[in-house]
Amino acid sequence: MIATSAERTAAPSPGDGGGPMVSLEGVRFAYGDGGFALGIERLTIARGEHVACIGPSGTGKTTLVNLIAGIVVPSAGRVTLDGAVISALADDERRAARIATIGMVFQQFELLDYLSTLENVLLPYHVSSRLVLDDNVQRRALDLVEATGIGHALERRPAQLSQGERQRVALCRALVTQPRLVICDEPTGNLDPDTAGTTLDLLFEQVRRGGATLLMVTHDHGLLDRFDRTVDMRELAAP
Amino acid sequence: MKGVLLLSWRHAWHHRKATLILTACIALSVFLPAATDVLIRDYQRDLMARAQGTPLLAGAKGNRFDLTLDALYFRASALEPIPASELDALGTAGDLAIPLHVRFTARGVPIVGTSPEYFELRGAAAAEGTLPMRLGDVVLGATVAERLGLSTGDALFSDQQELYDISRPPALKMRVSGVLAPCSTADDDAVFVDVKTAWVIEGISHGHDEAAAVDEALLIGRTEETVRVSRALIEYNEITPENIDSFHLHEARELLPLTAVIVVPRDDKAGTLIKARVNASAAYQIVVPTAVIDDLMAFVFRLKTVFDTFSTVLAVSTLLLVLLVVMLSMRLRAGEMRTLDHMGCSRFTVAKLYAAEIVLVCGVSLALAGAGVWAAGRWLPDLVRLV
């Protein structure tokens with residue numbers, strides 16, 4: 001069943017600090033060229049909730065993700081991430097909040113072609129002074145790649161991996177920081193159905209194991225049963 | 001920072017061909033002017049040091065640069081020889097005149113005919129054996145001894161002047177009496193004999209059997225004072241204690257040739273007088289080697305100024321090339337930077353990623369250029385000396 005109400009929220013995860021993981025209120029955003037504009041009156045995603053975001057191309061799914069991640073800021077309204085009003089933070093603070101709180105999986109995987117599998121997985125630790133790469137992190141990364149079935153390809157470059165393996169590397173990279181929110185932008189868009197299914201199984205298993213919140217942009221309506229809730233951009237976006 | 005360096009290194013290594021080309025371009029544009037500068041300064045220092053040890057130099061009229069360089073670096077001279085009588089004239093009244101005869105070679109190495117005073121002037125001492133004290137002795141420069149694998153007691157032949165002309169003197173077998181200590185000058189690359197030995201090699205002086213003992217068939221004519229013998233008479237090609245007394249000159253002393261004469265005047269006034277006297281003659285000249293080297297280096301430095309201008313243009317071209325590469329690289333890596341941006345990587349870290357790679361490439365380039373300049377300073381002067 002597809003729940004389309006933006007107002008519906010799941011119960012907070014046990015042990016969290018209370019309050020939603022994500023909330024948008026009265027948000028207005030327009031790109032500088034005056035083309036696409038998005039308005040969202042209210043959207044709340046509870047901690048631990050698994051939410052699918054659907055809608056035709058051009059309805060603002062990626063813009064919604066960018067607003068939540070603090071990649072772009074609204075011209076009006078308020079975006080709250082993990083209790084912090086991310087839309088009010090300076091650029092550096094938004095970046096710091098993003099790398100500490102969110103794990104992102106992209107449709108095109110976005111792996112660095114000159115790094116090995118393990119180095120790609122550990123990339124957030126290589127590019128952030130706020131994250132400390134220690135033995136525990138190394139062990140966690142190795143556990144993740146083993147759990148996702150790419151333990152045999154630790155030293156391989158992305159060019160030496162299959163599409164499914166690349167997406168699993170991207171998945172491990174998103175999860176290695178133990179994010180409280182995992183955002184996936186059409187993560188199975190470039191995968192065949194079998195590989196997509198396996199990848200999603202792994203994603204849900206790892207997200208559930210970490211107790212993270214999941215927001216996934218997808219065009220595949222066949223996946224929606226696996227989510228607690230679905231947000232349809234056609235209904236969410238204000239005219 | 002460790003992570004940024006790792007990423008920069010991985011990126012540079014992943015695109016190692018492009019990195020190598022870029023590194024080579026930068027290294028070459030730094031190396032060329034720097035090495036030229038080092039080489040010229042090194043060359044100037046060497047030339048000047050040797051010139052400073054040679055107060056005055058007399059020789060035939062002609063190019064003063066040729067005279068100076070031929071005499072200081074033992075190049076086979078194209079200048080007319082000067083007679084030994086001039087040596088006698090210069091070495092009077094307490095002034096020291098040292099002969100230099102540089103016309104022949106032994107296994108390709110210049111044979112320098114001189115007198116024992118030459119070694120005193122240069123402060124040269126024998127590392128083994130003795131300096132050439134006897135007719136037919138030869139002392140080797142340090143590099144020559146090492147290259148030819150010769151030591152005291154061995155034999156060294158002068159190079160045959162004309163292989164198929166029996167009227168020319170035969171190659172002289174010389175006894176190695178010693179090896180000079182290395183001094184990093186042209187002396188290392190020459191062999192030294194007494195000037196009389198040089199005249200033996202030239203055929204002006206020779207030794208053979210007593211005329212009385214010569215086969216009558218080889219006698220062409222006889223007077224009360226002289227005996228003319230055929231060219232077929234075999235001359236000694238080695239000077240030994242047994243035959244040394246038979247060696248004799250066939251020319252008057254004023255006809256014995258020298259390449260140049262080093263003059264060490266007893267004081268400045270004597271030097272001025274000698275210069276005035278010699279330069280007044282139509283056939284000879286006397287030069288102050290330091291002044292000649294100064295003039296030569298001034299010419300070299302004028303050329304270097306032109307070369308420096310070209311080097312500057314090359315450096316600017318390289319800089320523009322590097323800028324182009326960086327701009328293209330930023331364009332090619334836009335997707336990668338967008339990913340880092342979306343992950344939450346700070347702008348400063350992105351800037352550090354680019355900067356680290358530029359610093360890495362520039363650092364390696366400078367290190368390579370530095371190593372190249374060091375190697376050039378270490379080995380090229382020897383190469384130039386050989387040339």
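This briefing walks through selected features of chains A and B, grouped by topic. The model is predicted. Chain A has 8 helices and 10 strands, and buried residues account for 55% of its 239 residues.

- Among contacts in chain A between residues at least 6 apart in sequence, 74% join residues at least 24 apart.
- Chain A holds an open sheet of 5 strands, ordered β6-β7-β8-β3-β9, and the pairing is parallel.
- The edges of this sheet are β6 (102–105) and β9 (229–232) of chain A; each has a single partner strand, so one side of each lacks a neighbour in the sheet.
- From one strand to the next, the twist averages 15°.
- Inside the sheet, strand β3 (residues 50–54) of chain A pairs in the parallel sense with strand β8 (residues 213–217) of chain A over 4 bridges.
- Helix α6 (residues 163–175) of chain A lies across β6 and β7 (181–185) of chain A, and runs at about 170° to β6(A).
- Helix α7 (residues 193–210) of chain A lies across β3, β7 and β8 of chain A, at about 155° to β8(A).

**Nonpolar cores**

- The largest nonpolar core has 55 residues, and the members that touch the most others are Leu123(A), Val182(A), Leu203(A), Leu214(A), Leu7(B) and Leu340(B).
- A second, separate core has 32 residues, among them Val65(A), Leu67(A), Leu81(A) and Val231(A).

**Chain B: helix α2 and its partners**

- Helix α2 (residues 16–52) of chain B and helix α9 (residues 289–332) of chain B have axes that come within 9 Å and cross at roughly 170°. Because of that angle, α2(B) is roughly antiparallel to α9(B).
- The contact of α2(B) with α9(B) comprises 21 nonpolar, 7 polar and 3 charged residues.
- With α3(B) the arrangement is as follows: the axes of α2(B) and α3(B) come within 11 Å and cross at roughly 85°, so α2(B) is roughly perpendicular to α3(B).
- On the α2(B) side, this contact is made by Asp46(B), Leu47(B), Arg50(B) and Ala51(B), while α3(B) supplies Leu69(B), Leu72(B) and Tyr73(B).
- By class, the residues of the α2(B) and α3(B) contact are 5 nonpolar, no polar and 2 charged.

**Chain B: strand β6**

- Along strand β6 (residues 137–140) of chain B, Asp137(B) and Val139(B) point one way, Val138(B) and Leu140(B) point the other way, and all are buried.
- β6(B) runs parallel to strand β8 (residues 173–180) of chain B, with 4 bridges joining them. β6(B) also pairs with strand β9 (residues 191–194) of chain B, in the antiparallel sense and over 2 bridges.
- Val139(B) shows both pairings: Gly178(B) stands opposite in β8(B), and Phe192(B) is the bridge partner in β9(B).

**Chain B: loop residues to look at**

- Phe74(B) sits in the loop between α3 (64–73) and β2 (82–83) of chain B. Phe74(B) is not a glycine, yet has a positive phi of about 60°.
- Is Phe74(B) buried or exposed? Phe74(B) has 5% relative accessibility and therefore counts as buried, the cut-off for buried being under 20%.
- Arg107(B) lies in the loop between β3 (96–106) and β4 (109–114) of chain B, and this residue, other than glycine, has a positive phi near 50°.
- Arg266(B) belongs to the loop between β15 (260–264) and α8 (268–280) of chain B. With 48% relative accessibility, Arg266(B) counts as partly exposed.
- Arg266(B) and Gly94(B) are 172 residues apart along the chain, and their C-alpha atoms are separated by 6.2 Å.
- Apart from neighbours within four places in sequence, Arg266(B) is in contact with Ala93(B), Gly94(B) and Asp95(B).

Technical notes
Residues are numbered from 1 along each chain as its sequence is written. Chains are lettered from A and ligands numbered from 1 in the order in which they are written. This is a predicted model: local features need pLDDT of at least 70, side-chain atom pairs count only at pLDDT 80 or more; totals for chains, interfaces and linings use all residues. Side-chain values use heavy atoms; hydrogens and water are left out. Axes are lines fitted to C-alpha atoms, for helices over the stretch in contact, and angles run from 0 to 180 degrees between N-to-C directions. Angles under 35 degrees count as roughly parallel, over 145 as roughly antiparallel, 65 to 115 as roughly perpendicular and the rest as oblique. Ala, Val, Leu, Ile, Met, Phe, Trp, Tyr, Cys and Pro count as nonpolar, Asp, Glu, Lys and Arg as charged, and the others, Gly among them, as polar. A nonpolar core is a set of buried Ala, Val, Leu, Ile, Met, Phe, Trp, Tyr and Cys residues joined through side-chain atoms within 4.5 Å. Buried means under 20% relative accessible area, exposed over 50%, partly exposed in between (1.4 Å probe, protein chains only). Two strands pair if DSSP finds at least two bridges between them. Contact means heavy atoms within 4.5 Å.
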